[in-house]
Amino acid sequence: MSAFPIAFFIVWAIVQTAFWRISDEGGLVVGILLGLILGMFFVRGDWKTYANTIFEGMTQPVAVTAIVAWIWAGMFAQLLQDGGFVDGLVWLADVGGIGATLFPAITFVLAALFTTGIGTGYGSAIAFVTLFFPAGILLGANPVLLFGAILSGSIFGDNLAPVSDTTIVSAVTQDSDIGGVVASRFKYVIIAAIIAFAGYLVAGQFMSGLAIGGDARELLVAESEPIGLVHLISMGVVIGTAVAGRHIVEAISWGIVVAAVSSLVLGLISLGDIVMFNAPPDAPLAEPLEFLPILTIVEDPNAISVGGSLITGASGFFELAILVLLIIAAAQIMIRGGAFQAILDWSIDNLATNVRNAELTMVGSSALINAVITINTAAEVAIGPYISKIGERFNLNGYRRANILDGQTAALGYIFPWSGGVLAGYSAMQQLPGEYEWFDSGMLVTPIDVVPFVFQGWLLVAVFVVAAITGFGREYITDRETEEVARI
């Protein structure tokens with residue numbers, strides 16, 4: 001019964017998103033809150049322990065890491081958006097002849113490269129939804145296919161990047177070195193990516209875009225300017241800093257600095273566009289300091305606020321942050337209450353009867369846990385020791401175990417409507433109608449609609465199922481010795 005809170009939430013999420021077509025994070029927050037409250041009535045003994053376990057889950061570093069990545073990526077993407085990067089992309093696609101049918105496939109490749117560089121799929125999903133999604137819609141690409149391509153690119157990089165937290169955790173939990181894990185993983189990832197790329201090319205031929213208005217679309221494309229492409233430098237700074245081994249917060253912070261400076265120097269935005277204080281006239285020191293470019297005196301009480309790119313980019317993820325913390329709390333209840341252990345013990349005893357079944361069990365159990373624990377790093381931390389236990393029983397090499405583990409966590413963290421990667425991208429998408437006059441709420445893609453079109457995710461899971469059945473890529477401990485874990 002310790003699985004009740006998370007099971008209640010999943011049923012709630014399915015009903016809300018799939019049956020009633022409501023992709024509202026506030027509703028999902030209510031669902032997980034009710035699940036945690038109702039779960040309290042199944043507790044054996046002290047309710048205080050149950051409450052403390054909720055706090056224990058909410059304070060886990062893996063949850064906070066995801067939230068910080070969302071906020072920093074949101075600020076960075078919003079700054080680039082306000083600095084005209086989308087106009088630059090539209091201009092480049094128009095000049096380069098990249099039309100609606102090709103744009104999703106190109107977006108998949110670029111998102112994959114970007115995510116591989118920075119190591120955070122969540123951050124990549126936010127940036128590409130903020131920047132590439134409106135550009136693709138304006139060029140006539142199908143929005144559902146485009147969102148799926150962005151999520152697929154995030155999966156590719158999250159799975160392969162040496163600096164990705166999932167790569168590091170999968171290697172550490174299986175006592176393997178990161179370099180060896182990445183090298184051995186490439187063959188699985190690239191097979192899925194090649195088929196996914198072909199899938200987006202074919203689907204782009206048959207899935208039409210939205211009707212913005214032929215004349216309006218042509219006018220908007222004609223008015224786009226290349227100057228916004230200067231922000232490619234900012235993105236390059238983020239990638240280069242991350243590849244150099246810097247923390248993702250430091251990497252994105254440098255990107256924010258470079259984007260802000262370049263935008264100000266080129267006159268793309270003003271200092272007030274980055275941060276603006278809207279103060280009442282009777283506020284102390286308001287009128288004497290009105291000359292400051294970041295201060296505006298407003299008469300309307302409802303207009304008193306703090307605005308600008310930074311606060312807009314960060315504030316769009318506050319509701320999602322609460323949701324994720326509560327989901328991790330419910331997962332911690334499941335772990336501490338014994339449901340997690342019972343499921344895994346049953347699978348080890350009844351399913352892992354030979355090496356092929358053991359690998360299929362590893363694939364299935366990793367997939368199941370990632371469907372429950374929506375933050376993929378947290379799922380890896382929870383399931384990692386059990387994957388190691390199953391694999392060591394059949395002398396499977398640590399590289400093979402780490403690849404099976406990370407393949408499922410990278411894929412399924414961006415597929416289900418309640419998954420962290422999907423919700424991060426959707427949260428960024430919800431901000432777009434307020435950014436462009438031509439973008440209305442009817443252009444938004446609900447998380448349930450994109451599920452079949454996250455090609456890289458589904459194909460990556462399929463590759464490992466086939467690999468387990470056929471033995472493709474299987475290595476035993478005696479085949480190759482893994483080195484001491486090089487990075488934690």
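**Entry 1: the annotated domain**

I began with the UniProt record, where an unreviewed entry lists "domain: Na+/H+ antiporter NhaC-like C-terminal" for residues 6–204 and 237–458; UniProt positions are given in the numbering used here, feature names are shortened, and annotations may be inferred rather than shown by experiment. I noted that this is a predicted model, in which local features need pLDDT of at least 70 and side-chain atom pairs count only at pLDDT 80 or more, while totals for chains, interfaces and linings use all residues. Residues are numbered from 1 along each chain as its sequence is written, and side-chain values use heavy atoms, with hydrogens and water left out.

I then looked up both spans, taking helices (H or I, at least four residues) and strands (E, at least two) as DSSP runs numbered from the N terminus. Residues 6–204 are 82% helix and 0% strand, with their end C-alpha atoms 37 Å apart. For residues 237–458 I found 62% helix and 5% strand, and a distance of 32 Å between the end C-alpha atoms.

**Entry 2: aromatic rings**

I found 20 aromatic pairs in the structure, where rings of Phe, Tyr and Trp (its six-membered ring) pair if their centres lie within 6.5 Å, and planes under 30 degrees apart count as stacked, over 60 as edge-to-face and the rest as tilted. One of them joins Phe4 and Phe8, a tilted pair with 5.9 Å centre to centre and 35° between the planes. Both residues sit in helix α1 (residues 4–19), four residues apart, which is about one turn of the helix.

I also looked up Phe416 and Trp418, which form a stacked pair at 5.3 Å centre to centre, with 5° between the planes. Phe416 is partly exposed, at 21% relative accessible area, whereas Trp418 counts as buried at 6%; buried means under 20% relative accessible area, exposed over 50%, and partly exposed in between (1.4 Å probe, protein chains only). I noted one aromatic cluster as well, formed by Phe85, Phe103, Phe114, Phe128 and Phe132.

**Entry 3: a nonpolar patch**

Which element gives the largest share of the nonpolar patch? I found that it is helix α2 (residues 25–39), with four residues. The patch lies on the surface and is formed by Met1, Val30, Leu34, Ile37, Leu38, Phe41, Phe42 and Trp47, with about 780 Å² of accessible area together. The areas come from the Shrake-Rupley method with a 1.4 Å probe, and for residues only the protein chains shown count as cover. I placed Met1 in the segment before α1, and Met1 is exposed, with a relative accessible area of 60%.

Methods. Patches are made of residues with over 30% relative accessible area and no salt bridge: like charges are joined within 9 Å, nonpolar side chains (Val, Leu, Ile, Met, Phe, Trp, Tyr) within 5 Å. A salt bridge is a side-chain nitrogen of Lys or Arg within 4 Å of a carboxyl oxygen of Asp or Glu.
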